[in-house]
Amino acid sequence: MTTGTSHAHGPRMQFAKAAPEVYKAMVTLDAAARKGVDPTLAELVKVRASQLNHCAFCLDMHTKDARAAGESEERIYLLNAWEEAGNLYTEKEQAALALTEAVTVLTDGFVPDEVYEHAAKHFEERELAQLIALIFTINAWNRIGVTTRMAPGAYKPNM
């Protein structure tokens, strides 16, 4: 088995057809996770997690959704370097992005206390719970997209 960076990018399967009950549950989970989270912040979180997970399909989808929600091109382009471009993102957004990175990467198997506590300062407990749900949901979608090699490009926002 080779683990190089070169591989064909054609879709491997249509996950929704192969596992319709799981797909339906994911759609329901996604809708539940978004409740109470600012739509623009939700898209920033989804784009950032998708960048970390190298999910081209989700990056295509959520950058388009972010634009449709009114997000600026500048903030989308600089999201990969949000810490250096911190003045473009609110403290609350920065806390959410730091939490997104910690939950997505799980460095050393946990989310650092300081990252969690910083997010807890900016989000009430219910909103923080929704944010955590949003983060683990986009990570699940990313894993479906990357594993099945969902093809980017055809997605159109519904907004």
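**Helix 3 in a predicted model**

Q: How many residues does helix 3 have, and what span does it reach in this predicted model?
A: Helix 3 runs over residues 39-53. At 1.5 Å a residue, a span of 21 Å is expected. The helix has 15 residues, and from its first C-alpha to its last it reaches 21 Å.

Q: Which residue caps the N-terminal end of helix 3?
A: Look at the backbone nitrogen of Thr40. A side-chain oxygen lies 3.1 Å from that nitrogen. The oxygen belongs to Asp38.

Q: Which residue just after helix 3 takes a positive phi?
A: The phi there is about 60 degrees. The residue is His54.

Q: Why is helix 3 described as largely enclosed by the rest of the structure?
A: Buried means under 20% relative accessible area. Residues that are buried include Leu44, Val45 and Ala49, and also Glu43, Lys46 and Arg48. Their partners lie in helices 2, 4, 5, 6 and 8. Helix 3 is largely enclosed because its buried residues number 12 of the 15.

Q: What is the handedness of the crossing of helix 3 and helix 6?
A: The two helices pack at an angle of about 35 degrees. Their axes are 10 Å apart. The crossing is right-handed.

Q: How many nonpolar residues does the contact of helix 3 with helix 6 have?
A: From helix 3, the residues include Leu41, Leu44 and Arg48. Helix 6 brings, among them, Glu93, Leu97 and Thr100. By class, 3 residues are polar and 3 charged. The nonpolar residues number 8.

Notes. Residues numbered from 1 in each chain as written. Predicted model: local features only at pLDDT ≥ 70, side-chain atom pairs only at ≥ 80, totals over all residues. Heavy atoms only, no water. Helix = DSSP H or I, 4+ residues; strand = E, 2+ residues; numbered from the N terminus. Expected span 1.5 Å × (residues − 1). Buried < 20%, exposed > 50% of the residue type's maximum accessible area, 1.4 Å probe, protein only. Contact = heavy atoms within 4.5 Å. Polar contact = N/O pair within 3.5 Å; in protein donor to acceptor, adjacent residues only side chain to side chain. Axes fitted to C-alpha atoms, helices over the stretch in contact; angles between N-to-C directions. Left-handed = near helix turned anticlockwise from the far one by under 90°. Nonpolar A, V, L, I, M, F, W, Y, C, P; charged D, E, K, R; others polar.
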